[in-house]
Amino acid sequence: MWVTDECKNSFMEMKWKKGHRFIVFKIDEGSRLVTVDKVGGPGEGYDELAASLPEDDCRYAVFDFDFVTVDNCRKSKIFFIAWAPTASRIRAKILYATSKDGLRRVLEGISYEVQATDPTEMGIDVIKDRAK
């Protein structure tokens, strides 16, 4: 499994330049490459990320979550989401599960990881609770 330069570059642009709010990655099963599937602009939010994940196929996503602490400090944490819906094929679930660590190693600076099989497991409330 190989991670394309586009994945690395998009992530660095999100992390340092705040050029993206989220990035969705997919694995091309033929070439075994991890590629960028969708990029969410700085004005897009968590709802747009959730809507961009397919109901019947696996994906990886990173989300730049901005929040304010109880001390009134602005913070930002990057979440890695492993999306494997129950309706996806077994082969896809295995491929994504075994390839996840390779992608995570390339994307330095991820604060938290969420694994989800349905939208309730990765709702914005889950993200907020983890970021505290």
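K18 counts as partly exposed, at 39% relative accessibility, where partly exposed denotes values between the limits for buried, under 20% relative accessible area, and exposed, over 50%, with a 1.4 Å probe and protein chains only. The structure is a predicted model, in which local features need pLDDT of at least 70 and side-chain atom pairs count only at pLDDT 80 or more, whereas totals for chains, interfaces and linings use all residues. Residues are numbered from 1 along each chain as its sequence is written, and side-chain values use heavy atoms, with hydrogens and water left out.

K18 lies in the loop between helix 1 and strand 2, helices (H or I, at least four residues) and strands (E, at least two) being DSSP runs numbered from the N terminus. Most residues other than glycine have a negative phi. The phi of K18, however, is positive, near 55°. A positive phi is also found at R32, which is not a glycine and has a value of about 60°. R32 is placed in the loop between strand 2 and strand 3 and is partly exposed, with a relative accessibility of 40%.

The side chain of K18 is joined to that of D64 by a polar contact of 2.8 Å; a polar contact is a pair of N or O atoms within 3.5 Å, of which, within protein, one must be able to donate a hydrogen and the other to accept it, while residues adjacent in sequence count only if both atoms are side-chain atoms. D64 belongs to strand 4 and is buried, its relative accessible area being 1%. A further polar contact, of 2.4 Å, links the side chain of D64 with the side chain of S76. Beyond its neighbours within four places in sequence, D64 is in contact (heavy atoms within 4.5 Å) with M14, K18, H20, R21, S76, K77 and I78.

In helix 1, which spans residues 5–17, lies S10, a residue that is buried at a relative accessible area of 10%. The side chain of S10 reaches the backbone oxygen of E6 at 2.9 Å, and, apart from neighbours within four places in sequence, S10 is in contact with H20, I23 and V36. E29, by contrast, is located in the loop between strand 2 (22–28) and strand 3 (33–40) and is partly exposed, with a relative accessible area of 30%. The side chains of E29 and R89 are joined by a polar contact of 2.6 Å, and the contacts of E29, leaving aside its neighbours within four places in sequence, are with R89, R91, A92 and L95. The C-alpha atoms of E29 and D71 are 46 Å apart in space, and the two residues are 42 residues apart in sequence.

Aromatic rings were examined next. Rings of Phe, Tyr and Trp (its six-membered ring) are taken to pair if their centres lie within 6.5 Å, with planes under 30 degrees apart counted as stacked, over 60 as edge-to-face and the rest as tilted. By this rule there are 7 aromatic pairs. One of them, formed by Y46 and F63, is edge-to-face, with 4.9 Å from centre to centre and 75° between the planes. This pair links distant parts of the chain, since Y46 is in helix 2 (residues 46–52) and F63 is in strand 4 (residues 59–68), 17 residues apart. Y46 is buried at 9% relative accessibility, and F63 is likewise buried, with a relative accessible area of 4%. F65 and F67 form a stacked pair, 5.5 Å centre to centre and with 15° between the planes, and both F65 and F67 are buried. Y46, F63, F65, F67, F79 and Y112 make up one aromatic cluster.

For the protein chain as a whole, the secondary structure comprises 4 helices and 6 strands, which follow the pattern β-α-β-β-α-β-β-α-β-α along the sequence. The radius of gyration is 14 Å, close to the 14 Å that the globule rule gives for 132 residues, so the chain is as compact as a globular protein of that length; the radius is taken over C-alpha atoms, and the rule is 2.2 Å times the number of residues to the power 0.38. Buried residues make up 40% of the 132 residues.
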